[in-house]
Structures are given as structure tokens and as C-alpha cells.
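I opened this structure for a first look and kept notes as I went. Here is what I looked up, entry by entry.

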Amino acid sequence: MFDLINPSRIFNWIEKLINFINSIFFILLIIALTFALVLSPPDYLQGDSVRIMYVHVPSAWIGLASFTAIALLSIISFIFKIKNLNLITKSIAPIGLLFTCLAIITGSLWGQPTWGTWWAWDARITSMLVLSIFYILFILAHKLIDNKDRANKVANLIAIIGLINIPVIRYSVDWWNTLHQPSSIKLDGTSSIHPSMLLPLMLMLLVLLLYCALILLMKYKTEIIRIKKKNIKRI
Amino acid sequence: MIQNFISMNGYGFFVWLSFAITFLACGMLYYKTYKTLKKYEKDFAKELDQLSEAERKLVLEKSKVASQFLASYNKSI
């Protein structure tokens with residue numbers, strides 16, 4: 001199964017996927033932005049400030065999902081010693097850091113008009129800040145440690161330790177009395193968000209996921225070329 | 001109507017700034033990633049080009065990625 005992520009097998013597919021995403025990305029972006037900024041209604045309490053949700057919520061989801069993916073792949077990499085997984089986790093990390101930071105910044109911009117403050121040491125916000133620190137440590141481990149095997153081990157360990165923070169972020173609004181509102185979207189079907197707002201949210205999520213896929217593929221391709229370039233002398 | 005759209009009933013600063021920061025940051029990461037990829041592609045192609053005919057044949061035979069890369073790179077330039 002792990003042979004499927006073998007660079008020689010997927011190198012050609014990476015180029016094709018990059019071209020495919022590029023061809024549909026801008027059309028989907030325009031549709032998503034039209035729904036988010038024009039067609040979706042203002043909230044009855046928060047007014048038009050609710051539109052910040054269309055960038056804030058997908059960013060937070062992507063930040064969380066990226067770290068979960070990194071941690072799970074790190075565990076698999078630890079057990080099965082698959083080096084290609086380290087290339088993938090290394091490629092995901094900057095994307096996850098970007099979206100975690102965006103979730104914090106856009107959350108702050110949403111907090112000012114709704115809560116009357118840019119920042120609060122609230123459980124959800126603080127645990128997101130901790131997540132961004134884990135991302136930074138993960139990236140620094142790859143940048144600062146010269147020995148690649150050691151860098152991978154340290155980075156994987158950071159990711160596995162950081163995994164503890166994921167349920168804390170997810171359930172912080174239920175476990176503690178926080179300024180941050182509880183989840184409006186639940187997988188069990190008891191979501192409290194109106195479909196007129198859910199549609200733009202899902203469209204923006206789709207667009208940002210496509211963007212993530214594009215960056216991941218480009219970064220993964222760069223990593224493969226970097227390694228092959230190094231190996232050329234050995235052949 | 002356009003003024004209403006821009007002001008977002010008083011929330012324009014927060015809404016537009018959120019979207020602007022998001023797309024600017026995404027654009028910057030895309031640009032940096034793209035530039036790095038192109039740099040590595042160019043360097044790799046140059047290195048393959050500098051090999052002797054026999055060496056290049058050996059590399060292309062042994063490395064599937066190198067042969068796939070060279071085919072797609074030659075197509076793109």
C-alpha cells in the first residue's frame with residue numbers, strides 16, 4: 001500500500017494534478033467569494049461581521065486537520081520507517097502553520113466588533129496559539145538539525161506530543177466556560193447554522209482545500225527533486 | 001448600493017481586512033513555493049545537462065523520476 005506514495009510512481013501524477021487544480025481554482029474562487037461576500041445574508045445578531053466566518057472557520061479546520069495528518073503520518077513513519085512520509089509531513093507543515101495563524105488573526109478581527117476585544121486568554125484561542133507553536137517547532141526541527149534522520153525523528157516526536165493539543169482545541173468550548181462560541185457545525189447532523197450560510201462556508205472550504213493541495217503538491221515535488229538532485233552524483 | 005457593499009454596515013474594515021490578509025498570505029506562500037520549485041527544476045535540469053552522454057543515459061535508466069522530470073521539463077520550456 002505504501003508503494004502508492006513512492007515518488008517514482010506519483011511524479012507524473014503530481015504535474016497533472018497541479019495543472020488540473022490550476023484550471024478550476026479561479027472559477028471556484030470567484031463563485032465562493034460571490035456567495036461569501038454578496039449572496040449570503042448578514043447574521044441577525046452580528047450583522048455583516050459574520051462574513052469573517054467564511055475565512056476564519058475553514059482556516060481553523062485546515063490548521064487542525066493538517067496537524068492531525070502530520071501527527072498520524074509521524075506515528076506511521078515511526079512504526080514502519082517510511083522516509084517518504086517525512087517528505088509529506090514536511091510539505092504539510094508550512095500550510096498548517098499559515099492557516100493556524102490566519103485563524104488566529106481573522107479570529108482577532110472578528111473578536112473586536114463582536115466581543116469588543118482583539119484578544120482574550122480564552123481556552124480555544126490559547127490552545128490555537130499553542131498549536132502554532134508546535135508547528136513552528138516542527139518546522140524549526142527540519143531547518144536547524146543538519147542530520148536528516150535525526151531531524152525527522154525530532155520533528156515526528158514534536159508532532160506526536162502536539163497531538164495531545166488537538167482534542168483540547170476541539171473540546172475546549174465544551175470543557176471550559178469560554179468567550180469563544182461553541183461549535184455551530186456538528187458531524188452528527190445537529191448543526192445550528194442556516195443552509196444559506198453553510199453553502200458559502202463549504203465553498204470557501206473547498207477553495208482553500210484546493211489551494212492546500214496545490215501547495216502540498218508543489219512542495220512535495222520540490223522535495224523529490226531536491227533528493228534526486230543530491231542522489232545524481234551517487235548514480 | 002456599492003457604498004453599502006464596501007462599508008458592510010460598519011463592519012467593512014474588519015471583513016475586508018480579514019479577506020485581504022487571508023488572500024495576501026496565501027498568495028505569498030504560493031509565490032514562494034512556486035519560485036523554489038522552479039529554482040530546483042532549473043538546477044536539476046542544468047545538472048542533468050552537464051552530465052556526459054553516457055552518464056546521463058545511466059541516470060535516466062536508473063532514475064524513473066529523472067526521466068519523467070526531463071520529459072515534462074523539456075515540454076514546459
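**Entry 1**

I began with B:Met8, which is buried because its relative accessible area is 2% (buried means under 20%, exposed over 50%, partly exposed in between, with a 1.4 Å probe and protein chains only). I found B:Met8 in the loop between α1 (2-7) and α2 of chain B; helices (H or I, at least four residues) and strands (E, at least two) are DSSP runs, numbered from the N terminus. B:Met8 has a positive phi of about 50°, although it is not a glycine.

I then went to A:Lys81, another non-glycine with a positive phi, of about 55°. A:Lys81 lies in the loop between α2 and α3 of chain A. Is A:Lys81 buried or exposed? It counts as exposed, since its relative accessibility is 61%.

**Entry 2: what kind of model this is**

I noted that this is a predicted model, where local features need pLDDT of at least 70, side-chain atom pairs count only at pLDDT 80 or more, and totals for chains, interfaces and linings use all residues. Residues are numbered from 1 along each chain as its sequence is written, chains are lettered from A and ligands numbered from 1 in the order in which they are written, and side-chain values use heavy atoms, with hydrogens and water left out.

The model scores ipTM 0.89 and pTM 0.90. I checked pLDDT (the predictor's confidence in each residue, from 0 to 100) for chain B: the average is 86, and 95% of the residues score at least 70. Where in chain B is confidence lowest? It is lowest in helix α4 (residues 64-76) of chain B, at a mean of 72, while α2(B) is highest at 93.

**Entry 3: the largest pocket**

Next I looked for pockets. On a 1 Å grid over the protein atoms alone, a cavity is a set of points where a 1.4 Å probe fits but cannot get out; a pocket is an open set with protein on both sides within 12 Å along at least five of seven lines, and lining residues have an atom within 4 Å of a point. Points are joined across faces, edges and corners, and a volume is the space filled by probe spheres set on them.

The largest pocket has a volume of about 930 Å³. Of its 35 lining residues, A:Val57, A:Trp61, A:Arg124, A:His180 and A:Ser183 are the closest to its centre. I saw that α2 (53-80), α3 (83-115), α4 (123-144) and α6 (165-175) of chain A each supply at least two lining residues, and that α3(A) gives the largest share, eight residues.

I sorted the lining by class (Ala, Val, Leu, Ile, Met, Phe, Trp, Tyr, Cys and Pro are nonpolar; Asp, Glu, Lys and Arg are charged; the others, Gly among them, are polar). The largest pocket has 21 nonpolar, eleven polar and three charged residues in its lining.

**Entry 4: the second largest pocket**

This pocket has a volume of about 630 Å³. Its lining has 22 residues, and A:Pro94, A:Lys143, A:Lys219, A:Glu223 and B:Lys32 lie nearest its centre. Which helix gives the largest share of this lining? I found that α2(B) does, with seven residues. By class, I got ten nonpolar, five polar and seven charged.

I followed A:Pro94, which sits in helix α3 of chain A. Leaving aside neighbours within four places in sequence, A:Pro94 is in contact (heavy atoms within 4.5 Å) with A:Ile139, A:Lys219 and B:Leu29.

**Entry 5: a buried lysine**

A:Lys221 is in helix α7 of chain A. It counts as buried because its relative accessibility is 2%. Not counting residues up to four places away in sequence, A:Lys221 touches A:Phe11, A:Ile14, A:Glu15, B:Leu37 and B:Glu41.

**Entry 6: rings**

Last, I looked at aromatic pairs: rings of Phe, Tyr and Trp (its six-membered ring) pair if their centres lie within 6.5 Å, and planes under 30 degrees apart count as stacked, over 60 as edge-to-face and the rest as tilted. The count comes to twelve pairs over all chains. A:Phe25 and A:Phe26 have ring centres 5.5 Å apart and planes at 90°, so they are edge-to-face. A:Phe25 counts as buried at 12%, whereas A:Phe26 counts as exposed at 54%.
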